[in-house]
Amino acid sequence: MIKTTDIKKVFDAYDAELRLVEVRLEELFKSDAPLIPLVGKYLLESGGKRLRPLFLLSGARLAGYKGTDHIILAGIIELIHMASLLHDDVVDGAKLRRGKAAAHSIWGNQVVILVGDFLYSNALKKAVSFRSQRIMEALSEATTSMTEGEILQLQKTSDISITEEEYTRIISAKTGILISAACRIGAILSPGSSAEENALARFGLKSGTAFQMADDILDYMADESELGKKLGKDIEEGKITLPLIYLFKNASDNEKEEIKRVIDNFSEQGLQRVLALFRQYDVLEKSLARAEGIVNEAKAELSIFPDSPERDYMLCIADYAISREK
């Protein structure tokens, strides 16, 4: 059995398939409009861990799939993810993505939004060719929920009254649902039972939610060279994530007023004050413990499957969300 934090072994196990996914991604960017493959080349060369394709590939293998359709479907999942990132960066005004200039800062908002629209529509167009109602339902639900999650987050910008339940619902829609769809599609392709399909879908939803939660925690923990974005960018953009929710629960009335002022008028000095309050109330540790709890719930969903290297791989992927922080 592999160690659950050794994600490199998992990527190595699926290396051949992930290479094929990369080829498919290049094909999915083909267009008579020259800007689309140009932006596509930039996105592909910017890297990315390809975690969502990995969820689909590993889910398909765990569920017993033996064919090759999972390769293009893994590419479709990543294409949807890339489209969402293009749109998110425009909405957020992000200057960096994975340590490089965000695409909209090079080609402008109009081009990038339209390229994102092309990626969404091309992904669904390719998915239709599989003539599977269940696959289309999974992808349609995911893309709809992702947009709803972004709108809900916008509505809660700088709203310190947001509850943990509301926050969790937002990140489940933004991130968890696409990973859930990836896992579900892997099962749909296989000869497994509906119980296995639903277990994989729940595993993906919880793993994806924990992954986003951990990413939000990392926003206050890693330096810019490691994170690929500015430290404390979420609070600068008015995004109220779990660390701030927990801090506001524990802070004194005077400290709450300080926090509100930092959210309304961000400054580096204000960020340092918030980070000091995080340390004072052990907020990041409590937030990370919550994410770990969700990961454990996700891993329990796979108990329906017998012990196997494939199940170990998926458990490792779930743990990776948290292992990034340690």
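Visitor: Leaving aside neighbours within four places in sequence, which residues is Ile 188 in contact with?
Guide: This is a predicted model. Ile 188 sits in helix α9, residues 164-188. Setting aside neighbours within four places in sequence, its contacts are Ser 132, Arg 134, Ile 135 and Glu 197.

Visitor: How far apart in space are Ile 188 and Arg 134, C-alpha to C-alpha?
Guide: Arg 134 is among the contacts of Ile 188. The two are 54 residues apart in sequence. In space, their C-alpha atoms are separated by 7.4 Å.

Visitor: Is Ile 188 buried or exposed?
Guide: The cut-off for buried is under 20% relative accessible area. Ile 188 has 12%, so it counts as buried.

Visitor: Which residues have the most contacts inside the largest nonpolar core?
Guide: That core has 106 residues. The ones with the most contacts inside it are Leu 200, Leu 244, Leu 247 and Phe 278.

Visitor: Leaving aside neighbours within four places in sequence, what is Phe 278 in contact with?
Guide: Phe 278 is one of the core residues with the most contacts. Its contacts beyond four places in sequence are Tyr 220, Pro 243, Leu 244, Leu 247, Val 283 and Leu 284.

Visitor: How do the directions of α16 and α17 compare, roughly parallel or roughly antiparallel?
Guide: Helix α16 spans residues 283-300 and helix α17 spans residues 309-323. Their axes come within 9 Å and cross at roughly 170°. An angle over 145 degrees counts as roughly antiparallel. Therefore α16 and α17 are roughly antiparallel.

Visitor: How many nonpolar, polar and charged residues are in the contact of α16 with α17?
Guide: From α16 come Leu 288, Ala 291, Glu 292, Val 295 and Lys 299. They meet Leu 315, Ala 318, Asp 319 and Ile 322 in α17. By class, the contact has six nonpolar, no polar and three charged residues.

Visitor: What kind of aromatic pair do Tyr 14 and Tyr 313 form?
Guide: The count of aromatic pairs comes to four. In the pair of Tyr 14 and Tyr 313, the centres are 5.7 Å apart, with 75° between the planes. Planes over 60 degrees apart count as edge-to-face. So the pair of Tyr 14 and Tyr 313 is edge-to-face.

Visitor: Where are Tyr 14 and Tyr 313 in the chain?
Guide: Both Tyr 14 and Tyr 313 are buried. The pair links distant parts of the chain, 299 residues apart. Tyr 14 is in the loop between α1 and α2, and Tyr 313 is in helix α17.

Technical notes: Residues are numbered from 1 along each chain as its sequence is written. This is a predicted model: local features need pLDDT of at least 70, side-chain atom pairs count only at pLDDT 80 or more; totals for chains, interfaces and linings use all residues. Side-chain values use heavy atoms; hydrogens and water are left out. Axes are lines fitted to C-alpha atoms, for helices over the stretch in contact, and angles run from 0 to 180 degrees between N-to-C directions. Helices (H or I, at least four residues) and strands (E, at least two) are DSSP runs, numbered from the N terminus. Angles under 35 degrees count as roughly parallel, over 145 as roughly antiparallel, 65 to 115 as roughly perpendicular and the rest as oblique. Contact means heavy atoms within 4.5 Å. Ala, Val, Leu, Ile, Met, Phe, Trp, Tyr, Cys and Pro count as nonpolar, Asp, Glu, Lys and Arg as charged, and the others, Gly among them, as polar. A nonpolar core is a set of buried Ala, Val, Leu, Ile, Met, Phe, Trp, Tyr and Cys residues joined through side-chain atoms within 4.5 Å. Buried means under 20% relative accessible area, exposed over 50%, partly exposed in between (1.4 Å probe, protein chains only). Rings of Phe, Tyr and Trp (its six-membered ring) pair if their centres lie within 6.5 Å; planes under 30 degrees apart count as stacked, over 60 as edge-to-face and the rest as tilted.
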